[in-house]
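Please prepare a short briefing on this predicted model, grouped by topic, with the criteria behind each term stated where the term is used.

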Amino acid sequence: MAPHTVVVSDRPMPEDAGAAHRRVGIRGTELHLAEYGGTGTPLLMLHGFPQHWYAWHKVARQLSGEYRLLCPDLRGFGWSGATRRGYDMDGLADDVLALLDALGIGGPVGLVGHDWGAFLGFRLCLRAPERFTGYVALNMSHPWPRHRAVLPNLWRLWYTAFVEYPVLGRAVLRHWPGFTRFLLRHQVADPAVWTKAEIDEYASATSVSAAAGQAMFWQYVLRDIPGLFRGTWRRHRLTVPTLLLGGERDSVIAPSLLAGAERYADELSVRLVPGAGHHLPQERPEAVAEAIREHFAEEV
């Protein structure tokens, strides 16, 4: 595939009556955008892995009458165009900022991210704090990890060994949908929160976005892990008011990984949702919606 080639999935999209869909051309690709609610304060919602815009459908039911929810598929995921490069966090951050510009949103917006989308959200807040009124990060640690908290929890990331390496990762994600199904079921406190249709949708979507998924993990290994251990982000301060919302039973991001960032932030709070796992938008959409209301009401 040539570097300028863009491939867009032709898979049928999950139906959600409240969502309006469009494509927006940015930075050599097209991003698919699902939008809920045409009026109200804009909230940019960034999905995690192994999902796409539909990850927000339960939260959207709670909030679409109050906010304008912008739910893009990240480059190469869902129905956004796939390219050979551009899956590092700075590249994905450039995509998001270009999307806001293309939508004509010059003023600051609210930001919500889950999992990898939450990791990307921190990068956005540190790089362009003037673009965001506040940030709600779901199921993700912050950029200032305490090594004594990280090391005992590295075993939780065992599955990344099957994803990050270029040949193996793409093969696993593309040809072994059972792996995606396993992750989704085992990363929540109660697997019954997923319907069969949802599990099948994300497994199928991950097969199509295998190259993007693997590339994103690999870029994290090459760029972000060394930066975290060098303390790169200790030279930066988080000025966007931020809420870290975690699951008490999160099997990926342990609650202990959410602490320790207060000294690097102007306004940061941490909260746990009792009995919840790694997919708060799926497991506790009401709690996520209420946290968003409270956080952004304080920023008005």
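The largest pocket holds about 620 Å³ of space. A pocket here is an open set of points on a 1 Å grid over the protein atoms alone, with protein on both sides within 12 Å along at least five of seven lines, and its volume is the space filled by probe spheres set on the points, which are joined across faces, edges and corners. The model is predicted, and local features need pLDDT of at least 70 while side-chain atom pairs count only at pLDDT 80 or more, although totals for chains, interfaces and linings use all residues. Residues are numbered from 1 along each chain as its sequence is written, and side-chain values use heavy atoms, with hydrogens and water left out.

**Lining of the largest pocket**

- Among the 24 lining residues, L154, L157, Y220, I225 and L228 are the closest to the centre of the pocket; a lining residue has an atom within 4 Å of a point.
- Two or more residues of the lining come from each of α3, α4 (147–150) and α8, where helices are DSSP runs (H or I, at least four residues) and strands are DSSP runs (E, at least two), numbered from the N terminus.
- Helix α8 gives the largest share of this lining, namely six residues.
- The lining comprises 17 nonpolar, five polar and two charged residues, with Ala, Val, Leu, Ile, Met, Phe, Trp, Tyr, Cys and Pro counted as nonpolar, Asp, Glu, Lys and Arg as charged, and the others, Gly among them, as polar.

**Packing of α3 with α8**

- Helix α3 (residues 116–127) packs with helix α8 (residues 210–230) at an angle of about 40 degrees, and their axes are 13 Å apart; axes are lines fitted to C-alpha atoms, for helices over the stretch in contact, and angles run from 0 to 180 degrees between N-to-C directions.
- That angle makes α3 oblique to α8, since angles under 35 degrees count as roughly parallel, over 145 as roughly antiparallel, 65 to 115 as roughly perpendicular and the rest as oblique.
- The crossing of α3 past α8 is left-handed, a term used if the near helix is turned anticlockwise from the far one by less than a right angle, with right-handed used if clockwise.
- W116, F119 and R123 of α3 make the contact with M216, F217, Y220 and D224 of α8, contact meaning heavy atoms within 4.5 Å.
- Five nonpolar, no polar and two charged residues make up this contact of α3 with α8.

**Packing of α2 with α3**

- The axes of helix α2 (residues 89–102) and α3 come within 9 Å and cross at roughly 75 degrees, and α2 and α3 are therefore roughly perpendicular to each other.
- On the α2 side, M89, D90, L92, A93, D94, V96 and L97 meet W116, F119, L120, R123, L124 and R127 in α3.
- The contact of α2 with α3 divides into nine nonpolar, no polar and four charged residues.

**Packing of α5 with α8**

- Helix α5 (residues 166–175) and α8 pack at an angle of about 140 degrees with axes 8 Å apart, and α5 and α8 are therefore oblique to each other.
- The crossing of α5 and α8 is right-handed.

**Backbone features in loops**

- The peptide bond from F49 to P50 is cis, with omega near 5 degrees, and P50 lies in the loop between β3 (41–46) and α1 (57–63).
- R27, a residue other than glycine, has a positive phi, near 45 degrees, and R27 is placed in the loop between β1 (19–26) and β2 (29–36).

Notes: On a 1 Å grid over the protein atoms alone, a cavity is a set of points where a 1.4 Å probe fits but cannot get out, and a pocket is an open set with protein on both sides within 12 Å along at least five of seven lines; lining residues have an atom within 4 Å of a point.
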